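Thank you all for coming; I would like to take a few minutes to walk through one structure with you. Please have the sequence and the model open while I talk.

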Amino acid sequence: MLILIGIVGMLIFFTIISKALSGKRKLSMLGLEFSVFLLLISDRFAYIYRGDVSATGYVMVRLSNFLVFALSLVALWTFTVYLSDLYIHEGGMTDIPKPLKCIRLLAAAGELLIIISQFTGIYYTFDDQNRYKRAPGIIVCYSIPLIIFLILLFTIIKERKRLRLRITIPLFMFALVPFLASIAQLFLYGLSLTNISMVGMVVLLYVFSFLDMNKTVEHAKEIEINMLKKERKNMHLLFEQTAEALANAIDAKDTYTHGHSTRVAEYSREIARLSGLSEEEVDEVYFAALLHDVGKIGIPNSIINKNSRLTDEEYAVIKSHPVIGKQILSSISQSPYLSIGANFHHERYDGKGYPNGLLGEDIPWIARIIAVADAYDAMTSKRSYRDPVPQHKVREELVKGSGTQFDPVYAHIMLNMLDSDPDYHMKEKEKVTVLAGRSGLSCYKYRERVSEGIWLTQKPVSIHFKSHGTGDHPYIHSIPTLIIFDSLDARVHEDDYTKRDLIYTEYATIRLDGHIEKGAARKIKTVVKDNEAYDSPDYEKLNRDGIEYDIYGVRVRDHLFIRIATIYRTTEITIALEDSTRYAYIGITGEYCDISDVKLKNSDTPVDDDFIERIAEEISYINVPKGDIPNVQVDGWRSAYSEALPVTGDMRITFHSMRLPTARLVWHCPFVNLFYSADGQPNGEGFDDYAVVRLDGEEWDSNALADNSISVTRDNDFGNWDKWKQRNRAGLDWDVLIRKTGNTVTVTTSNAGIHLSFTSVAKHDPPEVYLALTGDQVAITNIRIH
């Protein structure tokens with residue numbers, strides 16, 4: 001009993017000093033703990049003075065027994081107050097539940113009967129030895145608390161969904177355990193089961209209350225942290241949107257630089273990422289590049305938009321924009337990198353730039369990155385006096401400018417980015433007038449307006465839109481159409497000159513009522529599944545009300561699968577393309593229809609290689625006798641590899657190569673890939689490149705595994721690149737020598753006027769070096785190992 005008194009005393013102390021509980025709930029919890037504390041002390045004194053016939057014993061036995069019965073009801077009353085506060089402040093109630101109001105009346109009536117019993121002896125009496133004796137009316141005394149416990153149980157069970165589970169459990173236990181203890185005490189005379197059980201439940205209630213408070217505090221902290229994160233994200237977004245708005249305002253001054261700042265920022269960010277900078281540094285580069293031309297705000301429009309040659313005075317004004325930009329951005333003290341990008345992006349690596357004529361690495365690294373990206377976008381964007389510069393010319397300018405105009409490190413990274421973009425997507429896009437930032441397309445004459453191309457790959461794309469007929473045109477004419485095509489700029493074209501220039505191919509047109517016109521596709525198979533619930537659909541009404549279309553598209557090598565679903569029909573179309581090399585896009589158009597609510601969703605998971613039923617034989621350029629290892633057809637940049645070989649000592653590999661019909665760039669040729677992987681397979685476990693030797697005489701930088709160098713000479717047989725490409729298209733026989741000595745691998749070969757000697761020195765002792773032939777848009781056959 002003393003231990004229990006001490007425990008409750010500690011609970012009172014901790015409740016007093018606690019700041020987690022609200023005012024009224026804290027008072028009711030203290031009232032409950034104080035009543036149980038005094039109840040235990042009274043019960044203790046009742047046992048101590050039992051049988052003591054002295055005057056003190058006479059008084060203490062009667063007082064302590066009275067308090068035991070009276071404080072039991074006080075404890076129940078304070079628990080009811082605590083529970084009422086919970087239901088109002090956490091359970092969402094506007095008033096105290098009626099059963100709990102009844103408990104207060106019962107408790108008051110019980111207290112009154114206890115007082116009366118002191119004078120009548122209806123509950124208990126004392127014998128001549130001053131010992132407590134139960135009277136016949138004791139059953140009434142026990143009945144009132146039992147009824148209160150039952151009401152509490154009923155209320156807690158009924159309103160259990162209003163409170164959290166970790167609060168409901170101790171409340172339920174507080175009502176149930178003392179209830180069972182009180183019933184037991186009726187038959188086990190002399191044991192304080194009810195009082196002891198109430199102490200246990202008070203402790204349980206205290207522990208669970210503070211566990212819940214801790215959870216609530218943790219949740220509040222989590223909400224606060226999330227709010228701070230969201231606020232930071234919103235501030236970052238606001239900064240980004242403000243910077244973009246300012247950049248757009250700058251670009252708007254010049255008719256021919258729309259989007260220039262954004263593109264330079266994107267190119268700069270990629271250069272920074274590939275150079276191994278941190279995420280924070282990459283972001284700094286992006287925003288500095290976005291605002292690099294902010295100084296043009298201070299340049300008169302008459303000079304910026306002048307179509308003729310600038311005078312020396314006008315050129316001097318143009319050259320002042322870096323200094324103006326620095327002055328504008330220097331006030332943003334928390335982001336000093338912004339003014340650095342604006343001030344130094346026209347400096348040259350050879351010291352011949354402006355405004356300060358800085359040399360080499362004296363130029364801040366941010367400005368050196370922006371200078372490369374800025375020059376690249378200038379060359380690949382349309383100007384009033386010229387179209388975008390062809391990709392191979394851009395490459396030549398970057399090579400020539402490396403070490404003079406540009407930092408050679410960042411220039412080489414830009415060259416790698418360019419080489420990884422064989423279809424020249426990395427340039428200014430022509431302005432697209434439909435679906436650019438919108439979710440709808442209004443079509444009048446057939447093919448007058450067509451959406452941008454939606455690229456089909458092995459990762460499925462889902463397209464949803466709704467189409468309404470326009471005007472009084474019959475539904476048969478008001479149907480959306482899909483155009484399946486390929487083009488260098490991913491757009492549908494109509495005039496022959498542009499088609500030829502952009503190598504435009506149209507595979508098929510698919511009206512969404514199921515009518516298909518075959519173009520360059522080799523074969524088309526269609527399966528139509530009508531919805532039985534729409535046995536005879538009213539197409540005119542459907543078209544008037546609007547038809548929702550769900551389109552699913554995917555490509556596996558030279559086959560496409562397109563599924564068009566409406567409420568009345570599902571059409572599945574399989575298309576065999578010309579080959580596996582060219583791209584395939586979907587363009588959305590129509591006739592006399594409004595297409596709205598367009599939504600696109602790209603899957604991150606590719607389908608299996610056998611997902612599409614094959615309806616035509618695969619186009620292959622390697623169906624010729626193989627050599628020592630199987631032939632390989634490489635449809636895209638390193639998309640396939642020959643069987644890998646371990647590099648040991650001296651090796652000689654001979655093979656025949658032929659550019660695929662779609663190949664048009666210099667680097668559409670064979671490559672020699674030196675690599676390591678745990679299983680000896682290209683792209684296998686732990687795969688990493690030592691080198692990629694392009695047999696047009698170029699290679700990528702040194703990397704973490706090896707220091708690479710190349711020596712290339714061209715003789716009179718070379719002629720020029722156009723001649724070299726023609727000879728590669730006709731087919732070349734290659735003889736490649738590979739020698740491995742320690743950590744050094746050399747690759748030498750000569751063909752079509754190019755003499756190449758490549759050396760790769762591993763930085764660490766390699767466990768194994770493997771070799772595989774690969775390339776870009778090339779067929780490699782008759783591979784022999786000597």
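Predicted model: local features only at pLDDT ≥ 70, side-chain atom pairs only at ≥ 80, totals over all residues.

Let me begin with a definition: two strands are taken as paired if DSSP finds at least two bridges between them. Ala706 stands opposite Ala762, which belongs to E24, and E21 is joined to strand E24, residues 754-762, by nine bridges, the two strands running antiparallel.

That pair is part of an open sheet of seven strands, whose order is E15-E26-E17-E22-E23-E24-E21 and whose pairing is antiparallel. The edges are strand E15, residues 632-634, and strand E21, residues 706-714, each of which pairs on one side only. From one strand to the next, the twist averages 20 degrees. Lying across E17, E21, E22, E23 and E24 is helix H19, residues 721-730, which runs at about 95 degrees to E17.

Next, the charged pairs, of which a search of the whole structure finds 33 that qualify as salt bridges. In one of them, Arg368 meets Asp407, with the closest N and O atoms 2.6 Å apart. Arg368 lies in helix H14 and Asp407 in the loop between helix H15 and helix H16, so this pair ties together parts that are 39 residues apart in sequence. Arg368 counts as buried, at 12% relative accessibility, and so does Asp407, at 6%.

A further salt bridge joins Asp419 to Arg395, their closest N and O atoms being 2.7 Å apart. Here Asp419 lies in helix H16 and Arg395 in helix H15, so the parts tied together are 24 residues apart in sequence.

Is Asp558, the partner of Arg614 in another salt bridge, buried or exposed? Asp558 is buried, with a relative accessible area of 0%, whereas Arg614 is partly exposed, at 39%. The closest N and O atoms of this pair are 2.9 Å apart.

Finally, the surface. Met10, Phe13, Phe14, Ile16, Ile17 and Phe34 form a nonpolar patch there, with about 600 Å² of accessible area together. Five residues, the largest share of the patch, come from helix H1, residues 2-17, while Phe34 lies in helix H2, residues 23-48. Phe34 itself is partly exposed, with a relative accessible area of 39%.

How values were computed: Residues numbered from 1 in each chain as written. Heavy atoms only, no water. Patch = residues over 30% accessible without salt bridge, like charges linked within 9 Å, V, L, I, M, F, W, Y side chains within 5 Å. Areas by Shrake-Rupley, 256 points an atom, 1.4 Å probe, with all protein chains shown as cover. Salt bridge = Lys/Arg side-chain N within 4 Å of Asp/Glu carboxyl O. Helix = DSSP H or I, 4+ residues; strand = E, 2+ residues; numbered from the N terminus. Buried < 20%, exposed > 50% of the residue type's maximum accessible area, 1.4 Å probe, protein only. Axes fitted to C-alpha atoms, helices over the stretch in contact; angles between N-to-C directions. Contact = heavy atoms within 4.5 Å.
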